[in-house]
There are 4 protein chains.
Amino acid sequence: MTATPSALPAPDAARVDKLAIANRILYNEGVVDGFGHVSVRHDASAGHFLLARNMAPALVTSADILTFDLDGQAIDAGDRRVYLERFIHAEIYRARSDVVAVVHSHSPNVIPFAVTKTSLRPVYHMSGFLGEGAAHFEIRDVAGNTDLLVRNAALGRALAGALGSGAVVLMRGHGSTVVGTSLEQAVYRAIYAETNARLQTQAIALGDVTYLNAEEAALAAASNDTQLARVWELWSRAVAR
Amino acid sequence: MTATPSALPAPDAARVDKLAIANRILYNEGVVDGFGHVSVRHDASAGHFLLARNMAPALVTSADILTFDLDGQAIDAGDRRVYLERFIHAEIYRARSDVVAVVHSHSPNVIPFAVTKTSLRPVYHMSGFLGEGAAHFEIRDVAGNTDLLVRNAALGRALAGALGSGAVVLMRGHGSTVVGTSLEQAVYRAIYAETNARLQTQAIALGDVTYLNAEEAALAAASNDTQLARVWELWSRAVAR
Amino acid sequence: MTATPSALPAPDAARVDKLAIANRILYNEGVVDGFGHVSVRHDASAGHFLLARNMAPALVTSADILTFDLDGQAIDAGDRRVYLERFIHAEIYRARSDVVAVVHSHSPNVIPFAVTKTSLRPVYHMSGFLGEGAAHFEIRDVAGNTDLLVRNAALGRALAGALGSGAVVLMRGHGSTVVGTSLEQAVYRAIYAETNARLQTQAIALGDVTYLNAEEAALAAASNDTQLARVWELWSRAVAR
Amino acid sequence: MTATPSALPAPDAARVDKLAIANRILYNEGVVDGFGHVSVRHDASAGHFLLARNMAPALVTSADILTFDLDGQAIDAGDRRVYLERFIHAEIYRARSDVVAVVHSHSPNVIPFAVTKTSLRPVYHMSGFLGEGAAHFEIRDVAGNTDLLVRNAALGRALAGALGSGAVVLMRGHGSTVVGTSLEQAVYRAIYAETNARLQTQAIALGDVTYLNAEEAALAAASNDTQLARVWELWSRAVAR
């Protein structure tokens, strides 16, 4: 399924640079801390994706970006360590041909929704991509007691199955994973999943919440997708300083 | 109702500069993120107002300020994109001759009040402008299922109607809009609506809240209006750095 | 009771400088925003105190410090505006000979305690100065409906009466006032009243809270008073940058 | 039990430097404020440990690090003040031969768990070290009403007893103490105890929480211990700026 390394062109340099910037944006905007990772599909091969070596996202530069195949094998890592959970990315790219970028994080305000039965739902148009609520993944149902990490292809497939056709899957005892049809969209969704979670937690404390219904959510998501350049400019300037 | 472009003088340069500063203040003080916008009425024409081109408020400079008429048409946009929701501003200026400035935002602590039945009311004198509670706008009542955006004049008129003679209107599933008789006052109100919302949310968790009554609110609002220069100096210096 | 201006020596320059620093510390540590003020008693006259002219605390320098008598009259203001609420300071200095410094603020996490019946009590040793709970001032009981401001001597006396012999008085619909036997102690108390309020609000959400009892509070307060230089060094270095 | 000063080699300079960095990291990451301290065992003597002189952790440099014996006596303090609570460190090192580093703090989000009966338990894999819940220390049970400080060896022994074989002990009315088998691990645990506390408080407000069970916690803790270098690089770079 994956191209042989010798046949694979180098990834587009602009895409590599944008992925490095995405790493730093996710840190600066509070989605990732020392952990978490973001990937983008290879521009020349649907069977490969780009992901940083094992390091804190805030410190990633273009020189730290590696290329992986859909079995989670890095083709150019050399002696550099790779993330244990690269299978999150590999198996979602395998299952979802529409997905171009994946963010895995311990996005803090989202965690409480991952560990309770309260559904993460859109309180405002910015998070219409949540639709009728985020998907949920319970690793215990798949593998019993574990270290919670998606450290092999089987767990990655199970996570991709839980995600289904959605944009966000919450991972019990762990974090969440967000996908998009572009790097900008995936980063946008990761940031506004986090924001929505904070606002929803506050709203629940005030009383019954009126969420966006399915049609509103779909319409709002489509509208916001036309405005991604505006926030990408803001977020990327902030990390360029 | 609007002057013809040929007859309209250029807006006062100091007012344009102040509007650019207001954009950056609202970002720095946490009222807007990559979205949201602030406008001011044209100094030479009650039928026009000034508003940035479609971009993140934090990045706005004086060169980005455009002039709009009350139909929401920009007279000097050229090929620059405009905000989808300029009708919020246009229709409020049309309906409220006393209003000189308008802030539309997704002010985060205010959102939970927009999506529940809990009224946003003043917990302290700083937010006396909230009076007996902020107005509320439910776009579903006007237009059924939408993308929640105020993207035409009819929706703008409905929003202006919900605002009535008040200072703040909460928009379900969306955000809020704040008006003032000066740019300084509108910015002040946007910042303290956000602060009040945070404090009110905490207070509700502690027990029954004693809010300012209508007379206290009116008296406090009048007193605070004499102190706007003090905070404007602070906020504008912070963004000048 | 107050010395005549002609007989009053200039205040100690180091005390003036420290008061300017205290203003900036209170902003940097989140106790004051664009509003709030801190004063210190004159070193050469118990009947006078030092307080900035009407301006945002974050911007105060030594040149902005004025001298007031206990009637709230500035002796050296010239054409500079003074704070409406200087009577808070004047009347507390008149009533409490032990007090050397006063902080008045809208310390945000404290406000919810001022507007509900939940008592602000020490959850940890850092806030032992709260004793068995902060005092409470309801301006309505004294003056009916007002703008909530302590804008004359009668209201200042009522506030001082509510404070009694305590360290902190909460002001319904307004904020709080904290006193100390030194500038360092008053600043410390203002900062830890704010911190304690935040922690107490969280603790109440978790279940029944074990507060410091009266003896623990008194012992802890005495111990902490021996450590003020440590935090003053930290806070003053942070604002010197 | 302790080596005589004359026989004790100077501590390894790299360890001293790392301890100074740990102090600044704990401030930068929000675990300590002007108070709190972190120590590491002496590399050449199990009967000694390194700890800063009495000062704010954020300001500690290598020149401020002193050497103490297990009776809490500094061997090189000269006229420099020492922390009142050095006995926390001394008695834990005496009781726990596996411990190499100790962090004592008033970690803010942890305090609410110290003062209520709600157990601090791991909501996600990052805090697997919490196991089935943090230990709890009630100083009243040991010494009646005090200033809450662990200011002598007897109180230190009681605290070490409450800690038992665990990683974290909550101290009612005071704060918490965290231990590790390396400086990196103790700092990691202090930071993620704080983060977990915040997330757990939010999760409890949303409904019944699924915590990591004992096996998951142990497996996750073991996995995370292999990733400490990643976050240490991030945290230490942040304080080097």
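These exercises, each with a worked solution, concern the chain interfaces and pockets of a predicted model.

**Exercise 1. Describe how chain D meets chain A, beginning with the extent of the interface and ending with the class of its residues**.

Step 1. Begin with the contacts: 30 residues of chain D are in contact with 35 residues of chain A, and the two chains bury about 2900 Å² between them, with 60% of that area on carbon and sulfur atoms. On the chain D side, the residues that lose the most area to chain A are Leu206(D), Arg230(D) and Leu234(D), which together account for 26% of what that side buries.

Step 2. Turn next to the polar and charged pairs. There are two salt bridges between chain D and chain A, and Glu216(D) forms a salt bridge with Arg172(A) in which the closest N and O atoms are 2.8 Å apart. Across this interface, 16 residue pairs are in polar contact, both residues of each pair being at pLDDT 80 or more.

Step 3. Assign the chain D side to its helices and classes. The elements α6 (183-206), α7 (214-224) and α8 (228-240) of chain D each supply at least two residues, and the largest share, seven residues, comes from α6(D). By class, this side has 15 nonpolar, eight polar and seven charged residues.

**Exercise 2. Carry out the corresponding analysis for chain C against chain D, and name a salt bridge between them**.

Step 1. Here 30 residues of chain C are in contact with 35 residues of chain D, and the area buried between them is about 2900 Å², of which carbon and sulfur atoms give 60%. Leu206(C), Arg230(C) and Leu234(C) supply 25% of the area that chain C buries against chain D, which is more than any other three residues.

Step 2. Two salt bridges are found across the interface of chain C and chain D; Glu216(C) forms a salt bridge with Arg140(D), and the closest N and O atoms of that pair are 2.8 Å apart. The polar contacts between chain C and chain D number 16 residue pairs, with both residues at pLDDT 80 or more.

Step 3. On the chain C side, α6 (183-206), α7 (214-224) and α8 (228-240) of chain C give two or more residues, and α6(C) contributes the largest share, seven residues.

**Exercise 3. Describe the linings of the largest pocket and the second largest pocket**.

Step 1. The largest pocket has a volume of about 1600 Å³ and is lined by 45 residues, those nearest its centre being Gln202(A), Asn109(B), Arg198(B), Gln202(B) and Asn109(C). Among the elements that give two or more residues to this lining are α6 of chain C and α6 of chain D, while the largest share, nine residues, comes from α6(B). The lining divides into 18 nonpolar, 19 polar and eight charged residues.

Step 2. The second largest pocket holds about 780 Å³ of space, and its lining of 23 residues has Asn28(A), Glu29(A), Gly30(A), Thr195(A) and Arg198(A) nearest the centre. Both α6 and α8 (228-240) of chain A supply at least two residues of this lining, with the largest share, six residues, coming from α6(A). By class, the second largest pocket is lined by 10 nonpolar, eight polar and five charged residues.

Methods
Residues are numbered from 1 along each chain as its sequence is written. Chains are lettered from A and ligands numbered from 1 in the order in which they are written. This is a predicted model: local features need pLDDT of at least 70, side-chain atom pairs count only at pLDDT 80 or more; totals for chains, interfaces and linings use all residues. Side-chain values use heavy atoms; hydrogens and water are left out. Contact means heavy atoms within 4.5 Å. Buried area is the accessible area (1.4 Å probe) that two parts lose on being put together, summed over both. A salt bridge is a side-chain nitrogen of Lys or Arg within 4 Å of a carboxyl oxygen of Asp or Glu. A polar contact is a pair of N or O atoms within 3.5 Å; within protein, one must be able to donate a hydrogen and the other to accept it, and residues adjacent in sequence count only if both atoms are side-chain atoms. Helices (H or I, at least four residues) and strands (E, at least two) are DSSP runs, numbered from the N terminus. Ala, Val, Leu, Ile, Met, Phe, Trp, Tyr, Cys and Pro count as nonpolar, Asp, Glu, Lys and Arg as charged, and the others, Gly among them, as polar. On a 1 Å grid over the protein atoms alone, a cavity is a set of points where a 1.4 Å probe fits but cannot get out, and a pocket is an open set with protein on both sides within 12 Å along at least five of seven lines; lining residues have an atom within 4 Å of a point. Grid points are joined across faces, edges and corners, and a volume is the space filled by probe spheres set on the points.
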